[in-house]
Structures are given as C-alpha cells and as structure tokens.
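These notes are for a colleague opening the model for the first time. Please read them beside the structure, point by point.

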Amino acid sequence: MLTGREKELSVLTELTSSSTSGSHLLIRGERGLGKSELLRAFTSQATARGWHVLTAAADSFGNADSGSARPAASAVSENGVVGVTDRHPAAGAAPSATGAGFEELVRTAESVLSGQASPVALALDDIHRADDAALRGLGRLLRRLQRRPLVVVATLTPCLGRLAVGDLLPCFEHQLTLAPLTLDDVRAVAQEVSGGDPAPAFVRACRAATGGIPSVVQELLRALRASGTSPDETAAAQILRHVPRSVGRGVMAEATSCGADVARTAVAMAVLAANSSPALLSHVTGLRETAVEDAVHTLVGAGIVLESPNGPRFPAAAVTAAVANEVPPSVRRDLHSRAARFLLDTGASWDALTPHLLQCRGGSEWIVDALLRTAEAATEHDSDSAVACLRRALHEPLQDDVRASVLVSLGEAELNRCARTAVNSLRSGLQLDLPPDAQGRAARCLAGALFALDRYQEGAEVLQDAARALWQVHPAQALRTEVDLVYAQITFGSPGPSVMHRLRQLTASDTAGTETAPSLAALLALREIMGGGTSRQALAHARHALAQGVLPEDDGAFVSGGAVLAMAAAGRPELALSCLDSSRERLRRSGSKLAHGHVHTLRAAVHHRLGNIGECLGDARSAVEALRGAGAGTRSNHSVALWADALVDQGEPQRAAEVLELHGLSGRLSQRWADDFTAFARGRVRLALGQLRPALADFLDCGERACARGLGSPAVLPWRSEAALVHSRLGEVRQADELIDEELELAHAWGVPETIGSALRAAGVITGGTAGIDLLGRAVAALEATASRAAYARALLDLGALVWRQGDPGRAHPHLQQALAVAQHCGAAVVAERARDELRLSGFRPGPEALRGAAALSKAEGRVARMAAEGMTNKAIAAELFVELRTVEMHLSRSYRKLGITGRACLADALAQTHGSAAVPGDGSGPAS
C-alpha cells in the first residue's frame, strides 16, 4: 500500500518510462517510511516494461566497527555485503540468489550489460546496513558502470558518522527524501483500510501517535479493522491501546539481534518513555553508562531510535507503547521504581518524577512522601498531575490522619477540574479526624463545590456544622467559616433577621491581622450597600479585601467576588477590573475551571457596568464554558444573564431570549442573588422585544427580590428606573413618578455619579419637555467623567433626541454625534443605530462611521491593534489579555474597518500615520471599551 506516495511513484514511473541510461536514484528516509516498498514498486514497473532487473540487499547491521551482525536473508559473501537476485520476465522461473559480494555483483552486472539489449536496472535495498568496505566497493561499481546503460535505485536510512555513506552520495544524481504521511495521507489510508470515512479526531490522533510512519499507520488500522473497531472519536481517545503487538515484537526482534545490552536499553527507553539520560538508563538497567551509550549508538545507527534535541527517542508514540507492552508488568513497575528513586535522589523536577511515581511498585514509605511532595509542587501548575499523585497515594497504607489530609488535598485539587468528584473526596476527608484549621478549610472548600453545583442547602449545612464544631476548639477558624456562611446566606437565599443581626455585629477589628481579614472585609463592603452605609466606606473595605488579589488562598466560596461588585458599585469599576486583571497569572497557574468561571463572570459584570459590550459578551460566554467544564451549574451564577444582556445592547434580543431559554432561565427563577440580575436582564430582553407587561413584571420582581436581600440599592441594580420607564410608556404616570423619585433619592444618598446620572437620565426621559432637557443635561454632566461609557452614550442620545424634538436640531446634533461616537467605541450597537436615525430625522447626514483612524479605536481595540502590529499572534494576544480568541478577532476586524486597511500587514503604518489624532470630544482619555 503506497497511499500518500503518489509524487514519489510518479518519479519512479518517469524513470522506467524514459529508458534513460546511467541514471542513479537514491531514496532516503527514516525507518518505516516505505523505502523498500517504493523500491519494490520500481522493480515491478521495470520488470513489467521488459527491463532486466538485478536486486541486492545489504546484510551487515550497523557499521563495521560495531562488531555486530544479523543473520543474512540471502546468500552472503565473505565480506558480508550483498546478495544478488537476477530477475528477468523471460526467465520463466522464480528469482534466486546467485553469487555473493561485490565481485559477483560486478561480474553479474557486466555480463548482463554486455549481452542485453533491453534496459538494465539495479535495485539496492538498505545500503546503510553495509559495512564501510562494502560501501566503498559499491561506490567504485557505480562509477565504473556510470557510462553503461544501467539505472540504479537504492534506499538509505540516514545514519550518523558514516564517512563511507557520505562519499557514496555524490554517485546518485537524483535523490528522493521521504517525509512522514500528512493528515490527508493518513485519512486516505484509513479510508482504504476501513472502507469508510474516519472521524477527523481519529485522523489527528492516528497521525500524532504513529508519527505518520506508513508501516505503523497500516498495522494500526488493520488491527482496528480486525477487532471491528470504527475509526471514530472513541478510538481516537484510546489510540495507543489499539497498537498491535506485532509492532513491538518487530522492533524488539531487531534490537535483540544487536545484542543483550542493546535490547535491555531499548526496553528501558520504551518503558520510561520520557527523555532518559544515559545516567538514568544506566541506573535502571544495571549497565555501565558507557555500555548504555554504545547501545544507544547502535539503536540510532539501526534506525530503531532517532536523535532529537532532547536525546534519542523511538520514532513515534505508538512504537514506544508497543515496545513497552512487550515488557511484563512487574518488570515495568521495577523499572519505574528505580527511575523514581534515582530522580528523587538527584533532585529532579516534579514533572520529571511524576510519570514514574504513578507507575512504580508500592509498599515503600519513601513513595508516599514523594507522591505528596510532588502533588504539592504540581498543584499550582498542573492540577491533573496533582490529582493523579494524590489518588495514587491513597492506594498506599496510610494512617487515618494522613489519609484524611490526602483526601482533602485531593478534593481541593479536583475542584480545579470537576466539582462533583471534589465533593466525594472532601466529604470522605471530613469524616476522618482533621486538625481544626484543616477541618475549616475543607468545610469551606466542600461548601464552595456544593454551591457551584446549585446544592445550596447542603453547602450551608456543611458550613453551619463546621462553624458550630470549631467554636469550641478554634474560634478563629470558626469565624472564618461563619464569614462564608453569612455570605452564602445573603447570596443564595433571603437572609433572615438572625443573619442580618450577625452581619451588623461583625467589625473589621474582629479579624485584624489574621487570614480572615480579607474575607470579612469583602462581607463588610456588601454590608455598606445593604445597611445604608456610604460608598466611601464600601470602597475602603473592598480595597482591603482585594489587597491579595481576587483569588486569595482559602476562598472556596469566592467571597472576594462580593468585594469586586462592591468596588464597582462604589463608582470604581475600572479599579475592580484592574484587580481582576492583576490576578490573571494566579488564575492561569491554578488551572481551576471553577475559578476561571468565577473570574470571567466578575469581569463580565464589571465590563457590563463600564459599558464595554463586546468584552462583557466574551467574558460571559467564557464563564459559561468554564463552568460547564468544571461540571458546575450556571443557575447560581449570573454569567448567562450577562450574556443575554450584552446581546440586547448589540441589537439581538431574540438571540438573548434563546440563550435564556436554553439555560432554563425563561420561567420561575430561584431565590439566589444571581437571579436578581437574571430578572433584570430578562426584563431588558422582553422590553427590547416589545413585551412591555412581561418586562415590567421582571423589573418589579427584581426589585422585590433585591430589597428582601437588603441589596435594593440602585448602585447594585437600577431596577426602579427601568420599571419607571416602562410604566411611563404604559401611561402609568403615578407609578413611574414614585419609582423614579425613590431612585433619585437613593442615588443621591449613595453619592456615586454613575448611579446619579442613570437615575437622572430616566427622570429626564419620563418628564420630557424643558424640565426633561434640564434633567438629561445634568445626567450627561454626571456621567461624562465616569468610566460608564454605555450609560453616557444613552444619556447623550436621549438628550439630543429631546432637544431636537423641542425644535432645536442645531443644538441637538453635537449630542447625537457624540452619542454615536461613544456608542461605536463601546459596542452599544442599539444606541449607535438609534443615534444615526435621530441624526437623519433631524436633518443631519453622518457617514458610515463617526470617526476614522486611530481616534476611532476603543481602548480595547487600540490595545489589540498595537499588540498585533508588534507581531503577536491572535492566540498570544488572547492569552495576554485574558480574553477569548473570538474577541481578539472581533477587535481586529473593527480596527481594520476604522483604520481603512485590509489586514494585519498594514496595521503598523496605519497606527503610526494616525498617532496623536484627537480623541472623542468631551472624553479626554478616549472611550473605555
């Protein structure tokens, strides 16, 4: 089977078709790439065309200095070089080996050439196996017969340090170098063998496992067909399990023929798999290091293993696995045990040690210690390895206290991957004896996992039981656990009088200087909003809570998230975003999907407040994806509602409704804090769809829920102004006035310009006329200096629209133009489109974009464009900015359009030409997006 070798076959076909004399072709390639098959194809073609064909194969193994040889497959001369087979279609008999050595080869070739009218071909297989004397003899033969009517085709596997091979190469004026099969080639082979279309995932897995080596690909596919296994996603996930034993047996047979030391070294290399140094191989095999080096040299010379920057290796993972599978399990465990001990004693890194610890022999005390130390080292970088080490440790005989500690550590590590499995481990750990500090941490971690799974009642009971038990033995841990409990009671239900009483009792001095201080500060920041406090004090508590970042140690319930939202509500959303970004590296190291979901949700919420619509949408979708990956629910998290809300601002309310429906948020909502925002966002979706009464019901439900929770402040959710606007559209003036008056009073008491401006804007729209223009002007003035760009754009739009309807289009146009520019910058498509409509209706004709050049770029677009201009890839930019790849692509597309260019190659010049252009009037820092 020569699928994927069509180009090479065409060269051979041309060679036999041209009847050109004196042509010498060398086919080069690593072991298993199909050199011999191509040579056989050449001899078949030549024979079919009536050529006289001589074939020869080298019989010695490695170079002459190795002193090792394998049994000959054909008659061997005293030089141990070649066997000659004379094939001619007219002979009427099967080919037979005749003579031996180059003298015989020369005599045979000259005899054939002297009496042969038809073209003559000489096919030489595996010439790298010949010793140096034989290669020099072959070179003399080729030069001697150079002018004779003879075509020579030979195969060669690259080998190191063979001067005789290098001297021979110039004798071949044509050379074909074989490369591994491509993905398309592997797909074609799979179709040919299986008779169907393989899954793309299978093709990729097969290509990766086999290295594209044709012989291994074919053996693997034939084994799959023989077992009745389809080349689908399931087979792809278990590809190495399907490698047939014949692959390993063939390799080991050849290695064994080279000597016992070579075979022993090959076995160790296959079992240990990772890059193995001569010192490590020497330790596990019991051979001298020099003997190992000689064995590796022989293996490389034979093409069994390849040289690589990280040391010699088998040519493909499938070959490595096949050889390792030929080794008895007990021997494999012994080899891994010796390797683990050697690496541990020599101070190797945890990632080098882990594979061997996981597969070594059990029963030794040092193994448990090594597993736990390795798990601890891996936790921040590779949670999968940490989990594997901890699970392996549980198979060892452990004292109860050690087993409890391991179970808790396992649960914490599993929480990075899957909340459901973490729950089982943490529960098992809590059932055993734990020190008080470990008991409190485990309880908080377990509760966080249960909350993520929407099992609020179970999580609250865990915290209550732990706090009650800890007050007797460790009051500090009890208080830390109680902080999580109170936060959970606020966020996952309606806090009763006892919860509010306890919340009012807490003070910062209770935990001053302790590890509990940041968590309590986050709770106190929320209390300022709930209990009629001040934005200044809320901000002070939030700053204290986030001093260690958004992901401090031991925050299983994510109490720090309350501080982020309090900071944003206190008028500093840009500072909240900075705190989130500062935790980016810690989040990457943790690898926790649950933490990723939490942080992306917080980022989406802050971007929502800033009015960065595209970023809000990207982070919300990333949060949903991360939470799903952790096996967590989205009902206790407002990422889906943020996703829908952003779609409304982008002018896609029907899609927003579908998102809510898909995630089960179109019916009755839970009493969780997250669903307060869900009710608010759903109201905006229904309002955009023209469903006024359902929208009003959602806004009022949002208010009732939020007030019952003590979080009815407009700084948290401006539900009153949204409900008032709907009441006004329905002609219910009294209800609209009552709600907007209450919101204005609360907003002024809170004292944050963003909250005041949003309330004033709603009041202006409801009031209308000259008084409405005055209110909207005050709203614009309040919002202009804030970071809330979308709110600012809405106020500008409403002011401009009202002014021109009052008969002054000239004074309205600047407001509408500014609204259009700001809305374009922050991605508020609905506001931008309405601003264009208002401008057209009022007699103004804006261009397709209000601004062009670098001044038209939002902050996010400008940042992405500059990074792309500096040569960073989209993937690298996404990783650096902690956003999705699609967000980077969206920003670049918008940047190209605004800069008037066609692609990345023009970015640097376009940014340089427009550098220093004026920003949006009235916004000295440029728009936030």
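1. Strand β1, which covers residues 24-28, runs parallel to strand β6, residues 150-156, and five bridges join the two. One of the pairs can be picked out by residue: His24 has Val152 of β6 as its bridge partner. Please keep in mind throughout that this is a predicted model.

2. Strand β1 also pairs with strand β7, residues 174-177; this pairing too is in the parallel sense, over four bridges. Here Ile27 has Leu176 of β7 as its bridge partner. Is β1 enclosed or open? Four of its five residues are buried, so the strand is largely enclosed by the rest of the structure.

3. For the overall picture, the protein has 46 helices and seven strands. Of its 929 residues, 56% are buried. The exposed surface comes to about 38100 Å², and carbon and sulfur atoms supply 51% of that area. Among contacts with a separation of 6 or more, 67% are between residues 24 or more positions apart.

4. Next, the nonpolar interior. In soluble globular proteins, nonpolar side chains tend to be buried together. In this model the largest nonpolar core has 147 residues, and Leu523, Val564, Met567 and Leu594 are those with the most contacts inside it. Helix α40, residues 789-805, gives the most to this core, with ten residues. Apart from this core lies another, of 96 residues, which includes Leu12, Val217, Val323 and Ala375.

5. Once its neighbours within four places in sequence are left aside, Val564 is in contact with Leu546, Val550, Ala576, Leu580, Leu602 and Val606.

6. Helix α34 spans residues 674-688, which makes 15 residues. From its first C-alpha to its last it reaches 22 Å, close to the 21 Å expected at 1.5 Å a residue. The helix is mostly covered, with 13 of its 15 residues buried. After α34 comes Gly690, whose phi is positive, near 85°.

7. How many disulfides does a search of the whole structure find? The search finds zero. Cys389 is in no disulfide, and the nearest cysteine sulfur, which belongs to Cys360, is 9.9 Å away. Cys702 is in no disulfide either; for this residue the nearest cysteine sulfur is that of Cys707, 8.8 Å away. For reference, the cut-off for a disulfide is a pair of cysteine sulfur atoms within 2.5 Å. Cys389 is buried, with a relative accessible area of 0%, and Cys702 is buried with a relative accessible area of 0%.

8. Thr354 is in contact with Thr374, Ser385 and Cys389, leaving aside its neighbours within four places in sequence. Its relative accessible area is 5%, so Thr354 counts as buried.

9. Another threonine to check is Thr285, in helix α12, residues 278-285. At 10% relative accessibility, Thr285 is counted as buried. What does Thr285 touch, not counting residues up to four places away in sequence? It touches Arg264, Ala268 and Val292. Arg264 is 21 residues from Thr285 along the chain, and the C-alpha atoms of the two are separated by 6.8 Å.

10. Two backbone angles deserve a look. Most residues other than glycine have a negative phi, and most peptide bonds are trans. Asp126, however, has a positive phi, near 55°. Asp126 is in the loop between β5 (120-125) and α4 (132-144). With a relative accessibility of 17%, Asp126 counts as buried, since the cut-off for buried is under 20%.

11. The second case is Asp454, with a positive phi near 65°. Asp454 is in the loop between α21 (436-452) and α22 (456-473). Is Asp454 buried or partly exposed? Its relative accessibility is 23%, so Asp454 counts as partly exposed.

Terms used: Residues numbered from 1 in each chain as written. Predicted model: local features only at pLDDT ≥ 70, side-chain atom pairs only at ≥ 80, totals over all residues. Heavy atoms only, no water. Buried < 20%, exposed > 50% of the residue type's maximum accessible area, 1.4 Å probe, protein only. Contact = heavy atoms within 4.5 Å. Areas by Shrake-Rupley, 256 points an atom, 1.4 Å probe, with all protein chains shown as cover. Expected span 1.5 Å × (residues − 1). Core = buried A, V, L, I, M, F, W, Y, C linked by side-chain atoms within 4.5 Å. Pairing = 2+ DSSP bridges.
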